[in-house]
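Okay, thanks for coming, everyone. Let me put the thing up on the screen and we'll walk through it together.

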Amino acid sequence: MSLAPSEPSWTGALRERVAGALPPEQLLPDRQPAYVRSWIYVFGVLTLAGLICAIASGAVLALEGAAWWHTSSVGHFVNSLHLWSVELFFFFMVIHLWGKFFMAAWRGKRALTWITGAVAFLGSIGTAFTGYLVQSNFDSQWISTQAKDGINATGAGAWFNVLNAGQMLLWHVVLLPLVISALVAVHIVLVRRRGVVPPFGAEEIPPERRVAP
Amino acid sequence: MSPTAGQQVHWAGPWRPYDIVKEFVIALLVVALLTVALAAIFSSPDDKPLTLQRWAQADPSDFVATAVSELDGTSASSGYGAPYDHVAGTGQKLGPISLEHAAGVRIPVDPAQDFVLTPLKAVPNDAALAAALSTYEGAGSSQQSAWATNYGDALSKAPNGDPAQVASGDYGPVPTIVVSLLQLARSGGLDGALISEGRQFYASDYTKPLLFIADGSYFAQLASDQHLAGTQWGMMNETGQYPGQAWLWLYTFWYQIKPFSTSSNADVEVWALMMILTLGLILLPFIPGLRSLPQRLGVHRLIWRDWYRAQDRGAGGRTG
């Protein structure tokens with residue numbers, strides 16, 4: 001089946017561009033370079049799994065409203081799922097980040113992969129922070145009243161009011177997850193587009209002399 | 001396996017079969033099960049929030065002293081500055097610039113009015129209170145300040161800060177005002193009054209009640225009991241025995257050491273430093289020296305040990 005457009009169109013041009021940049025066999029490859037053979041490689045997908053669990057548990061919390069978990073044992077359990085999925089998410093992400101650092105994974109035109117990952121990491125910290133603020137308990141009170149001083153000192157506190165629970169709830173549930181999800185999607189597409197970074201020196205070996213582990 | 005038409009060739013081989021969808025599904029199941037197990041075993045903390053009512057009942061002396069500090073302008077909120085109020089000489093600076101001042105007062109708060117006087121004006125059928133409020137607001141600001149300062153000093157000298165044991169003095173209507181506020185708080189009426197201020201039905205902005213609560217010592221004591229205070233590396237801690245926010249280690253670290261630990265501009269200085277380090281992390285691929293650190297450190301030999309061993313075994317392969 002030809003992908004070439006029947007006549008010039010924006011749709012056809014976009015399709016050609018996307019398919020050329022990331023054909024299906026590269027978006028969902030069933031093979032990897034032979035050097036992709038280490039436990040470190042699972043931490044990226046574990047991080048993604050943690051993020052999905054955090055979003056799913058957060059969505060259940062959203063179904064019943066912000067105060068549900070204080071009065072329902074089921075709600076409290078879902079809140080616990082949300083807390084621990086986020087803890088796992090950060091645990092796996094930090095190991096993934098360190099692994100990518102030691103692999104200098106930005107090599108070979110992969111700088112943007114590193115950048116999107118680093119920004120997603122920092123954005124996740126912000127998302128977790130707003131999550132603490134919307135627990136509507138003592139922790140939220142303490143964290144908000146303490147954090148306000150640092151944020152106010154930067155001038156950002158005039159707009160980003162950590163004491164405004166309504167504002168923080170919408171940032172946590174709507175704005176930041178959208179941004180994080182978009183960053184993660186771009187990050188993953190970039191990994192598929194550029195491939196997994198080779199070991200130091202691997203590309204200097206002529207292909208016919210490389211040995212698969 | 002040869003590359004298909006249009007495929008980006010970033011690696012000329014060798015390859016190995018790899019099922020990324022199966023890997024993803026297994027990872028999702030593993031993480032989901034781990035999450036359920038951790039949630040079932042450890043649950044999550046939920047310490048009840050401190051209400052103005054509970055504060056007034058548990059520590060009335062601290063509540064009254066805080067109310068007086070809102071009137072005499074010595075509370076943290078009264079002297080805060082931007083973004084809450086215009087107070088000369090406030091605002092942390094980064095060099096010559098105060099970002100706080102530049103942003104301006106966008107969340108206006110008048111502690112004396114918002115936390116004390118306005119809620120009391122809505123109390124019905126209290127002639128003594130109405131008269132006290134009228135006297136207070138009819139006096140000049142210097143008289144108001146003198147009454148409140150005198151009463152605050154006397155309170156601090158009274159046994160246990162008990163308003164009932166304050167020595168007599170020139171306090172004007174201030175004792176009536178703050179004791180009425182205490183009664184309003186103990187009844188539970190102040191919590192709703194501070195958030196809605198009689199104007200809103202739906203309210204989600206807790207700026208005013210939170211600032212008032214944070215002005216008191218009782219709130220800080222509760223936090224210290226839960227090892228959440230700054231001097232206890234509280235930023236990284238969680239209530240009870242729950243894991244806290246370990247990833248904030250670097251941010252909170254700076255507050256513990258000089259010059260930040262003794263600087264009056266610590267917050268903005270630490271934020272500026274963290275922004276620089278953050279940019280360094282994001283732009284690491286472009287920073288000479290740092291970007292070549294991984295190869296020098298050699299941890300990659302552990303990550304790719306199977307690959308390097310295979311090349312060593314192969315004839316004439318470079319090992320990196």
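Chain A splits into domain 1 (38-103) and domain 2 (110-196), with bounds that come from an automatic or database domain assignment. Before I go on: this is a predicted model, where local features need pLDDT of at least 70, side-chain atom pairs count only at pLDDT 80 or more, and totals for chains, interfaces and linings use all residues. Residues are numbered from 1 along each chain as its sequence is written, while chains are lettered from A and ligands numbered from 1 in the order in which they are written.

So, back to those domains of chain A: their C-alpha centres sit 14 Å apart. In contact there (C-beta atoms, placed from the backbone, within 7 Å), we've got 10 residues of domain 1 and 11 residues of domain 2. On the domain 1 side, helix H3 (42-64) and helix H5 (73-102) of chain A each give at least two residues. Helices here are DSSP runs of H or I, at least four residues, and strands are E runs of at least two, numbered from the N terminus.

Now, how many residues does each chain put into the contact between A and B? Chain B brings 88 and chain A brings 87. On the chain B side, the largest share is 13 residues, from H1(B).

There's strand pairing too, which takes at least two DSSP bridges. Strand S1 (residues 31-33) of chain A pairs antiparallel with S1(B) over 3 bridges, and Pro33(A) has Trp15(B) as its bridge partner in S1(B).

How values were computed:
Two residues are in contact if their C-beta atoms, placed from the backbone, lie within 7 Å.
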